[in-house]
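I opened the notebook with the model on screen. These are my entries, in the order I looked things up.

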Amino acid sequence: MNVTPADGNPRVYNFSSGPAALPLPVLEQARDELLSLPGCGASVMEISHRSDTFLRIIESARNRIRHLLEIPDGYTVLFLQGGARLQFSMVPMNLMHGEGRSEFIVTGHWSKAAMHEAGTLGPVHAVWDGEEDGFNQLPETGQLSLDPSASYVHFTSNETIQGLQYRQEPDSGDIPLVCDASSDFLSRPIDVSRYGLIFACAQKNAGPAGVTVVVIRDDLLERSSGSLPAYLSYQVHATHNSSFNTPPTFAIYLLDLVCKWLEDEMGGLGGMAKINQEKAGLLYELLDNNEDFYLAHARTVDRSLMNVTFRLPSETLEKDFVEQAEKNGLTNLAGHRSVGGIRASIYNAMPTSGVEALRDFMEQFRGGGR
Ligand SMILES: *Cc1c(COP(=O)(O)O)cnc(C)c1O
């Protein structure tokens, strides 16, 4: 990639789906503190994870996440490694119990992958599967007939590749609800009390690659069997306050800075959600007004506010679109290799000005493409 915007600013509007753009003030603070954390005389990367300085950072990150999400008592926040992919294994390893199968709501690439992985460890069942329709919609809660003896129900709150996002989490009754929130974590307020477990790799919306946040209801910690390899047991990580082994210290530090930015500059998750609504609205409005040229992938009510996916009349035009956008400092707009088309990922850190620049580009491109 070789992009030099005309105004000399070395930073482009980066629509990468992940690892994705980080808030500029966070990067600036990290740069300023890279050689020496204030009062510490060393980089955060160079100090013990058991030092008071780092313990304050990890505690701060935990508290900010609790505060931002208004996590009620009775839940534990863990910082793990291995990305969301390891959670595809850890969740079934820890939560499958007895004969109970796990139920999956298969709405796109990531929930399908999670079910496949869980299926190597125990019985799984797709309670709903949108693949026949090209994964362009989510089920209504009424469409789900869940097995009351299920170990848990897994869903993906935002399908990053297809661009589908639940407005409201599915109702799982008394069955623990497990959510892969990797690509919309901290993008809006949620009612955590409805969930058994939430996991999210950080590199889409919450920080850099390397740390994965798990929020788990405490009674579910008891399901972790003592015969699991230690690193794979939620209970072990909870008992050791996420420092059973050396945690990804630099990633947790950045995660803390992102949370602080959300609190101080974006008005918390309520404020952030409003901005995310407005940003996505700009693009969807343009798509809706130009349906003969831009074809939105997702059904209107299920559209993602994080990943806006659409197609153009031909693959040649799509290729052209991506190339010309890049020349205008709007990068990483190609859809995932498995589905093609265009995908604009507009997570928390994408400023409204970036979305406006994309919208203006799209208007102009449409004019030329006719
Ligand atoms: C990116 C992503 C994953 C995979 O994350 P890794 O950290 O690469 O394992 C899983 N689920 C969703 C929803 C994602 O967006």
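How many bridges join strand β12 to β14, and do they run parallel or antiparallel? I found four bridges between strand β12 (residues 307-311) and β14, and the two run antiparallel. I take two strands as paired if DSSP finds at least two bridges between them. Helices (H or I, at least four residues) and strands (E, at least two) are DSSP runs, numbered from the N terminus.

A note on the source: this is a predicted model, where local features need pLDDT of at least 70, side-chain atom pairs count only at pLDDT 80 or more, and totals for chains, interfaces and linings use all residues. Residues are numbered from 1 along each chain as its sequence is written, and side-chain values use heavy atoms, with hydrogens and water left out.

**Sheet.** I traced an open sheet of three strands in the order β11-β12-β14, with antiparallel pairing. Its edge strands are β11 (295-296) and β14 (342-345), each of which pairs on one side only. I also looked up Val308: its bridge partner in β14 is Ala344.

**Ligand.** I listed 14 residues around the ligand, and Arg85, Thr160, Asp180, Gln203 and Lys204 come nearest. A residue is near if one of its heavy atoms lies within 4 Å of the molecule. Helix α3 (residues 83-95) gives the largest share of this shell, four residues. By class, I noted four nonpolar, seven polar and three charged residues in the shell. Here Ala, Val, Leu, Ile, Met, Phe, Trp, Tyr, Cys and Pro count as nonpolar, Asp, Glu, Lys and Arg as charged, and the others, Gly among them, as polar.

Next I checked polar contacts (pairs of N or O atoms within 3.5 Å). An N or O atom in the side chain of Thr160 is 2.5 Å from a ligand oxygen. For Lys204, a polar side-chain atom lies 2.6 Å from an oxygen atom of the ligand. The protein covers 87% of the 390 Å² of accessible area that the ligand has on its own. Accessible areas come from the Shrake-Rupley method with a 1.4 Å probe; for residues, only the protein chains shown count as cover.

**Backbone.** I found a cis peptide bond from Gly18 to Pro19, with omega near -15°. Pro19 lies in the loop between β1 (13-14) and α1. Asn241 has phi near 50°, a positive value in a residue other than glycine. I placed Asn241 in the loop between α6 (234-239) and α7 (249-265).

Note on methods
A polar contact is a pair of N or O atoms within 3.5 Å; within protein, one must be able to donate a hydrogen and the other to accept it, and residues adjacent in sequence count only if both atoms are side-chain atoms.
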